[in-house]
Amino acid sequence: MSSGEFASAGADLELVGIQKRFPGFTAIEHLDLKIPAGSFFALLGPSGCGKTTTLRLVAGLEEPTNGRILIGGTDVTHQKSFQRPVNTVFQSYALFPHMTVLENVAFGLRRRRIDDPVAKAHEALRLVELDHLASRRPQQLSGGQQQRVALARAIVNRPALLLLDEPLGALDLKLRRQMQLELKTIQEEVGLTFLHVTHDQEEAMTMADTVAVMNKGRIEQMGAPEELYELPRTAFVANFLGQSNLFTGPVVGSTSEAISVDVAGQKIVVPAARAHRHTGEVTIGVRPEKLTLHVTEPVGDVARNTMGPGRVIDVSFSGVSTQYLVEVPGIGTLIVFAQNMAFGPVAHEGSEVWMSWNIEHGFGLEDDASAEPRFEADDTTRSIATQKRSSLLTELEGA
């Protein structure tokens, strides 16, 4: 794959003190953000967090209430969308059905009276490995191929900044994962700055160099995907970027190396370097895949935390791993992901179990304890846990 003349075309993007108010609500409270030229940046968050509004502001489809937008150091805040060095790839593709693939890609070049539009369109199609389908119509292509045509059409204009608005949302899971890798490869080839807006955590972590998690019009945390996943700063980030087991309790001991937290009478140790707060009530956490499930109480180990006993209230097989929901008295429901190394589950519904994890895998949040008490499951997990807990209690009462 050759990037040809498309290389080194990216520019940095800077948002300074951006605020966006609509009648009755504020979509963006205060946003300062700088995206380096040539990077793949993901803005991640739930519906209504302000990420799409941010993208529309950058594209010139909305104007900020306050603040400035700079692309490559040039203030474009009050420029119209067509005046900005920006192109957008939407989820809907928006290809012209009556035109061939080549005509779709060359369309913008012809309108702007750019020299040699056909040759440039072929170059863009070669980049996305679709030049051999240049004479076909969009309806003769698969969803993934149509998405690549839409990408070629955006790239051919050589924008300094490419905006991706949930671009893979219409694709099935297998194709979406394939396109994630292809988009990342193309971005590296062309050297453009990509701003990708998505609510899909896996998509953001797979594709982006830097992820900004957005919540209620503000950026909660920004950094490399691995950093955000391994060391979330807030309960929102811990639960939105994957799943977390969160516990709240008072700090009952501390050294320069670690803090000890009392969680419903059980002492949990967290490295001081991985905790944002070291005194008072703190919320600490551990990811489900870091936990090991035991059917007998494990022998004490200074390098590991142990929690239990608890009762398994749900077992869900998903191929690569099995998810266990474990109810621990006084603490709540914990999620455990166990890789399927052998046939059959480690434990069954109703089994008494303990959990342990390496102390180095825990983290401490900066939230106040009142912000997110203990474990906050997503809606599906919470519903399953409630149903299973009720069912288990009924069985126990009957016994």
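Colleague: Which residue takes a positive phi just after α2?

Modeller: In this predicted model, helix α2 covers residues 101–111. The residue in question lies in the loop between α2 and α3. With a phi of about 55°, it is Arg 113.

Colleague: Is Arg 113 buried or exposed?

Modeller: A residue counts as exposed when its relative accessible area is over 50%. Arg 113 has a relative accessible area of 75%, so Arg 113 is exposed.

Colleague: Where does Ala 264 lie, and is Ala 264 buried, partly exposed or exposed?

Modeller: Ala 264 is found in the loop between β12 (258–263) and β13 (266–271). Its phi is positive, near 50°. The relative accessible area of Ala 264 is 42%, so Ala 264 is partly exposed.

Colleague: Which helices do the buried residues of α2 pack against?

Modeller: The buried residues of α2 include Val 101, Leu 102 and Leu 109. The helices that the buried residues of α2 pack against are α3 (117–127) and α4 (143–155).

Colleague: Which side chain makes a polar contact with the side chain of Thr 322?

Modeller: Thr 322 is in strand β17 (residues 321–328) and is buried, with a relative accessible area of 3%. Beyond its neighbours within four places in sequence, Thr 322 is in contact with several residues, among them Val 315, Phe 337 and Asn 340. The polar contact, at 2.7 Å, is with the side chain of Asn 340.

Colleague: Is the peptide bond from Gly 308 to Pro 309 cis or trans?

Modeller: Pro 309 has its place in strand β16 (residues 304–317). Most peptide bonds are trans. The bond from Gly 308 to Pro 309 has omega near 0° and is cis.

Technical notes. Residues are numbered from 1 along each chain as its sequence is written. This is a predicted model: local features need pLDDT of at least 70, side-chain atom pairs count only at pLDDT 80 or more; totals for chains, interfaces and linings use all residues. Side-chain values use heavy atoms; hydrogens and water are left out. Buried means under 20% relative accessible area, exposed over 50%, partly exposed in between (1.4 Å probe, protein chains only). Helices (H or I, at least four residues) and strands (E, at least two) are DSSP runs, numbered from the N terminus. Contact means heavy atoms within 4.5 Å. A polar contact is a pair of N or O atoms within 3.5 Å; within protein, one must be able to donate a hydrogen and the other to accept it, and residues adjacent in sequence count only if both atoms are side-chain atoms.
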